Amino acid sequence: MRSIENGVLGPENRVPSLSIIIDDFDSSKETKDQKPPQTTNSTPAAPRVYTRSYSDASIKKILEEAEHRKHEFWKLLDEHNAVIENLKRIEKLEHKII
């Protein structure tokens, strides 16, 4: 459980060999008004095979992007707080002048 909490799975938690096959089912969807194209040699599209290294690289990229977004979010929060503090200072100055 500790390895999942820090976002990285250790080798002891990984499956020895794993392939994920994703079939492209969106391209075969039809609407009621649409007729399928006429082909003489229709063969289904070959499914995509994802290897472990591809999956690991994808996971790493997603985690890096999430970390980047988290930092950007914190920057926005800091900027927001600075704007609020500046508005409070302006309000205090206006009340002193009036």
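1. Glu-85 has a relative accessibility of 42% and therefore counts as partly exposed, since that class lies between the cut-offs of 20% and 50%. Its salt-bridge partner is Lys-88, with N and O 4.0 Å apart. Lys-88 is also partly exposed, because its relative accessibility is 44%. Both residues belong to helix α2, where three residues, or about one turn of the helix, lie between their positions.

2. The mean pLDDT of the protein chain is 77, and 55% of the residues reach at least 70. Which elements have the lowest and the highest mean pLDDT? The lowest mean, 48, belongs to helix α1 (residues 2-5), and the highest, 93, to α2. Where pLDDT is low, the predicted coordinates should not be read in detail.

3. The overall architecture can be stated briefly. The protein chain contains two helices and two strands, and their order from the N terminus is α-β-β-α. Helix α2 covers residues 52-97.

4. The burial and surface totals come next. The protein chain has 98 residues, of which 3% count as buried. Its accessible surface is about 9,900 Å², and carbon and sulfur atoms account for 58% of that area.

5. How many salt bridges are counted? The count is four, and the pair of Lys-88 and Glu-85 is one of them. In general, side chains of opposite charge can pair when their charged atoms come close. Two further pairs are described in the points that follow.

6. Glu-65 and Arg-69 form a salt bridge in which the closest N and O atoms are 2.9 Å apart. The two residues are four positions apart in helix α2, so about one helical turn separates them. Is Arg-69 buried or exposed? Arg-69 counts as exposed because its relative accessibility of 57% is over the 50% cut-off. Glu-65, at 38% relative accessibility, counts as partly exposed.

7. A salt bridge also joins the side chains of Glu-67 and Lys-70, with an N to O distance of 3.6 Å. These two residues are three apart in helix α2, so they too are separated by about one helical turn. Glu-67 is partly exposed at 36% relative accessibility, and Lys-70 is partly exposed with a relative accessible area of 41%.

8. Aromatic contacts form a separate topic. The count comes to two aromatic pairs. Tyr-50 and Tyr-54 make a tilted pair, with ring centres 4.9 Å apart and 35 degrees between the planes. Phe-73 and Trp-74 make an edge-to-face pair, because their planes stand at 65 degrees, over the cut-off of 60; their ring centres are 6.2 Å apart.

9. The accessibility of the aromatic residues deserves a separate remark. Tyr-50 is buried, because its relative accessible area of 17% falls under 20%. Tyr-54, its partner in the tilted pair, is partly exposed at 45%. Phe-73 is likewise partly exposed, with a relative accessible area of 47%.

10. Which residues make up the nonpolar surface patch of about 300 Å²? The patch consists of Val-83, Ile-84, Leu-87 and Ile-90. Ile-90 lies in helix α2 and counts as partly exposed, with a relative accessibility of 38%.

Note on methods. Residues numbered from 1 in each chain as written. Predicted model: local features only at pLDDT ≥ 70, side-chain atom pairs only at ≥ 80, totals over all residues. Heavy atoms only, no water. Buried < 20%, exposed > 50% of the residue type's maximum accessible area, 1.4 Å probe, protein only. pLDDT = per-residue confidence, 0-100. Areas by Shrake-Rupley, 256 points an atom, 1.4 Å probe, with all protein chains shown as cover. Phe/Tyr/Trp six-rings, centres within 6.5 Å; stacked < 30°, edge-to-face > 60°. Patch = residues over 30% accessible without salt bridge, like charges linked within 9 Å, V, L, I, M, F, W, Y side chains within 5 Å.
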